[in-house]
Amino acid sequence: MSTREALAALIERYAPDEGPVETCCPRVNLYRLHAPSEPSHAIHDPSFCVLAQGRKQVLVGDVAHEYDERNFFLSSIDVPVTGRVVEASPEQPYLSFRIVLDANLISEMIMEAGLAARLDAAAPLVGGMSAGAMTPQLFDAVCRMVRLLDTPDDVPIMAPLIEREILYRLLTGPQGPRLAQIARRDGRLRQVNRAIGWIKRNFDQPFSIDAVADEARMSASALHQHFKAVTSLSPLQYQKQIRLQEARRLILIQRLDAATAGHTVGYDSPSQFSREYARLFGAPPLRDVARLREQPEQMAGA
């Protein structure tokens, strides 16, 4: 049995039902789906994702990324995405592993492994998301992380060691410079992250490009250029997606009516809110939420 097959067997054991499964390993979750999915919308944290089976497409703005068991998926920034499982069946379900990345730990690993000079010398990168080739060493480390679920008493000691191994493999591979962006205290990604922080804190307020640029410590023109390069969205598009995803959550979880939810996230016009909601989610609020309540696994992606 290959390490990829071993990982698939482990995920099938610990994710027997449809949808996401939180684990006792810090920031690690598993996901299983038996059929191709409808598009799901979420804010994608900086994370490392591995598929043991199946295939997924992630759309960021107008840029599409597709990955399967041959490739991992790496995200280095919080960004709204549309994800869709495109290959899965009852006989060969979609099975995934995901760990949210810790910027402080990445920074420690860069210093301890003496990688700072090499990573700093790498060419500037664009885009906060990418796919990279899986290796036997990465599959083996991920397998050992999931196998810890057999022995939860070992997790506090062993999980951090395996996480450091995964990060080391990534940092010393072709995607190392992209991963290192998460830990940098300055530079373009840090500036864009400051802009994202402002938008997330003030998403329900009128948009101000000058305020966002001041937060990022960039000119408005530089902010547009670098924000789009990293997230594939303009700052205003980013705010709109944050607003609509929060409105969807309010309608689904807190059971607000569509008009109240739209007003809560900053829309003055109910008709504009309904149009933009349908454009993003494919249906007006009430019809979209009714579908989600029938298929709750579609609300969460992995």
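Which residue of strand 8 does Val58 stand opposite?

A: Val58 stands opposite Gly83 in strand 8. Before going on, note that the model is predicted, with local features needing pLDDT of at least 70, side-chain atom pairs counting only at pLDDT 80 or more, and totals for chains, interfaces and linings using all residues. Residues are numbered from 1 along each chain as its sequence is written, and side-chain values use heavy atoms, with hydrogens and water left out.

Start with strand 5, residues 55-60. Strands here are DSSP runs of E with at least two residues, helices are runs of H or I with at least four, and both are numbered from the N terminus. Strand 5 and strand 8 run antiparallel and are joined by five bridges. Two strands count as paired if DSSP finds at least two bridges between them. Strand 5 is also joined to strand 6, by six bridges, and again the two run antiparallel. Two of the partners in strand 6 can be named: Leu59 has Ala64, and Val60 has Val63.

The link between these two strands is a hairpin. Two residues lie between strand 5 and strand 6. Gly61 in that turn has a positive phi of about 60°.

Now look at the two faces of strand 5. Lys56, Val58 and Val60 make up the covered face. Arg55, Gln57 and Leu59 make up the uncovered one. In a regular strand, side chains alternate between the two faces of the sheet.

Strand 8 covers residues 79-87 and includes Arg84. Arg84 counts as partly exposed because its relative accessibility is 33%; under 20% is buried, over 50% is exposed, and partly exposed is in between (1.4 Å probe, protein chains only). Which residues does Arg84 contact beyond its neighbours within four places in sequence? They are Ser37, Glu38, Pro39, Arg55, Lys56 and Gln57. Contact means heavy atoms within 4.5 Å. Arg84 and His41 are 43 residues apart in sequence, and their C-alpha atoms are 9.0 Å apart in space.

A second open sheet has six strands in the order 1-2-9-4-7-10, also with antiparallel pairing. Strand 1 and strand 10 (129-133) each have a single partner, so one side of each is left without a neighbour in the sheet. Its twist averages 25° from one strand to the next. Strand 1 (residues 19-22) and strand 2 (residues 28-33) are joined by four bridges, and Pro20 stands opposite Tyr31. They form a hairpin with five residues between them, where Arg27 has a positive phi of about 65°. Strand 4 (residues 47-53) pairs with strand 7 (residues 71-75) over three bridges, and Ser47 has Ser75 as its partner. Helix 1 (residues 3-14) lies across strands 1, 2, 4 and 9, at about 95° to strand 4. Angles run from 0 to 180 degrees between N-to-C directions, and axes are lines fitted to C-alpha atoms, for helices over the stretch in contact.

The largest nonpolar core has 47 residues, and Val79, Tyr94, Leu223, Phe227 and Tyr238 have the most contacts inside it. Such a core is a set of buried Ala, Val, Leu, Ile, Met, Phe, Trp, Tyr and Cys residues joined through side-chain atoms within 4.5 Å. Helix 10 (residues 235-252) gives the most to this core, with seven residues. The axes of helix 9 (residues 220-231) and helix 10 come within 9 Å and cross at roughly 55°. The two helices are therefore oblique to each other. Among the residues making this contact are Leu223 and Phe227 of helix 9 and Tyr238 of helix 10.

Conventions. Angles under 35 degrees count as roughly parallel, over 145 as roughly antiparallel, 65 to 115 as roughly perpendicular and the rest as oblique.
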